[in-house]
Each structure stands twice: as structure tokens, then as C-alpha cells.
Amino acid sequence: MKTASFIALLLAVLPALLAEEPSLDPNLEPLRPFLGSWRGEFKNSTPEKPIVDTSLWERALNGKAIRIVHSINDGAYGGETLVTWDAEKKSIVYHYFSTAGFRTEGTMKAAGKKLECHEVVIGSIGAATEVKSTFELSDDKTFRTESTYLKDGKPQGTREVTYKRADGAKPVFK
């Protein structure tokens, strides 16, 4: 009788447990819609010279962080980011490490469906010293990034990428 009651209780509770979303630091909740696999096409991509970014955003460190791994053109370039809440700065912060050997440290502000980012490049070899970017989710479940690369505060170039859901896609590294 006790076994039957336990099984009945388990069957009643199990669906609710399985349906529950994994926890995420409340300060990182604005990033939840970005979780998953994405495929982004650069604005200057052409059929002859495609430039495609595969990106995976996932919950990390028991929900205290978000890990973003991406690769462009199956590993020609890529990187990994760890996004966390910094209680002292009262800000979302991130650290990016690239296959090109440089890294960045930045802050992120979330407002509605938009993320505004500012990062400082560390270990750059004569290129940009900082990057300002926006990520904006659209109602059609895509998101678009716009980045401006700066050197000594002066714009050096821009990049635009539009991402679509790509369930199961994973970044590739060489």
C-alpha cells in the first residue's frame, strides 16, 4: 500500500518537476531568451564568401553564470564568454577569450529585449582597444547584433550579424 501511494505521488509530482526551468541568478534573467543554439549571418556575408557564426548560450555554474561559446566558419575564429552578476559593481559583467589570443572584459546592461555592452580589449595587437555592442531580440525570435570597434575612442569599423535559432547547432573548433 505504501509503495502504491509513493508511486502515485511520484507520478503526480514528476511532470511539474520536469517542466520547471533550471534556476538562473535573478540578475541574469534578462538573458534567458538568448539561451540555446543560434546561427548568425554577417551583413557582409555572400554566397561566394559566407561568414557564419554558430553560437551556443547555456546556463553555467548552477545558474550563477551564462557561458557563450561561438565559432565563425567552423572554427576559423571563435571564443568563449562567461557572463556573471558582479554584486560589488551592481552590474552584469563578462570575460571573453578568443582563439586569436586576446581577451576582453566588459559590462552589459539589459533593457527589455535589448542588451547594451561595452568591453575593453586586453592583449590586442594594434587593433581595437574597446568594443560597444547591442543585442536586440525581435518578435520573430531572431536577434541582431551591432558592434562598433574603437581605438583610442575613435570608431575603426562596425559589424552587424542577424541570428536565427539553430536547435542542436554547436560551435566547431579546429
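These notebook entries record what I looked up in a predicted model of one protein chain.

**Entry 1. Ground rules**

I treated the model as predicted, so that local features need pLDDT of at least 70 and side-chain atom pairs count only at pLDDT 80 or more, while totals for chains, interfaces and linings use all residues. Residues are numbered from 1 along each chain as its sequence is written, and side-chain values use heavy atoms, with hydrogens and water left out.

**Entry 2. Overall fold**

I began with the secondary structure, where helices (H or I, at least four residues) and strands (E, at least two) are DSSP runs numbered from the N terminus. The chain contains one helix and ten strands. Along the sequence I read the pattern α-β-β-β-β-β-β-β-β-β-β. The ten strands form a closed barrel in the order β1-β2-β3-β4-β5-β6-β7-β8-β9-β10, and their pairing is antiparallel. On average, neighbouring strands of this sheet are turned by 25° against each other, direction ignored; the axes are lines fitted to C-alpha atoms. Two strands count as paired if DSSP finds at least two bridges between them.

I then asked what share of the chain is buried. Of the 174 residues, 35% count as buried, where buried means under 20% relative accessible area, exposed over 50%, and partly exposed in between, with a 1.4 Å probe and protein chains only.

**Entry 3. Strand pairs**

I looked up β4 (residues 77-86) and β5 (residues 91-98), which pair in the antiparallel sense over eight bridges. Within this pair, D86 stands opposite S91 in β5.

Next I followed β7 (residues 114-122) on both sides. Nine bridges join it to β6 (residues 103-111), and the two run antiparallel; M108 has C117 in β7 as its bridge partner. The hairpin of β6 and β7 has two residues between the strands, and G112 there takes a positive phi near 65°. Seven bridges join β7 to β8 (residues 130-137), again antiparallel, and H118 has K132 in β8 as its bridge partner.

In a regular strand the side chains alternate between the two faces of the sheet. In β7 the covered face holds L115, C117, E119 and V121, and the uncovered face holds K114, E116, H118, V120 and I122.

I also noted T134, which lies in β8 and is partly exposed at 24% relative accessibility. The C-alpha atoms of T134 and M108 are separated by 9.2 Å, although these residues are 26 apart along the chain.

**Entry 4. Aromatic rings**

A pair of aromatic rings is described by the distance of the centres and the angle of the planes. Rings of Phe, Tyr and Trp (its six-membered ring) pair if their centres lie within 6.5 Å; planes under 30 degrees apart count as stacked, over 60 as edge-to-face and the rest as tilted. I found eight aromatic pairs in the structure.

Why is the pair of F34 and W57 called stacked? The ring centres are 5.0 Å apart and the planes stand at 20°, so the pair is stacked. F34 lies in the loop between α1 (2-19) and β1 (36-42) and W57 in β2 (residues 52-60), so the pair ties together parts that are 23 residues apart in sequence. F34 is buried at 1% relative accessible area, and W57 is buried at 4%.

The rings of Y96 and F102 have centres 6.4 Å apart and planes at 50°, so this pair is tilted. Y96 is buried at 10%, whereas F102 is partly exposed at 24%. Ring pairs also link F34, W38, W57, F135, F143 and Y163 into a cluster.

**Entry 5. Positive phi**

Most residues other than glycine have a negative phi. L61 sits in the loop between β2 and β3 (65-72) and is exposed at 56%. D152 has a positive phi of about 55° and is not a glycine. D152 belongs to the loop between β9 (143-151) and β10 (154-165) and is exposed at 65%.

**Entry 6. The largest pocket**The largest pocket has a volume of about 670 Å³, the space filled by probe spheres set on grid points joined across faces, edges and corners. A pocket is an open set of points on a 1 Å grid where a 1.4 Å probe fits, with protein on both sides within 12 Å along at least five of seven lines; lining residues have an atom within 4 Å of a point. Its lining has 31 residues, of which H70, Y96, E119, Y149 and R159 lie nearest the centre.

How values were computed: Axes are lines fitted to C-alpha atoms, for helices over the stretch in contact, and angles run from 0 to 180 degrees between N-to-C directions.
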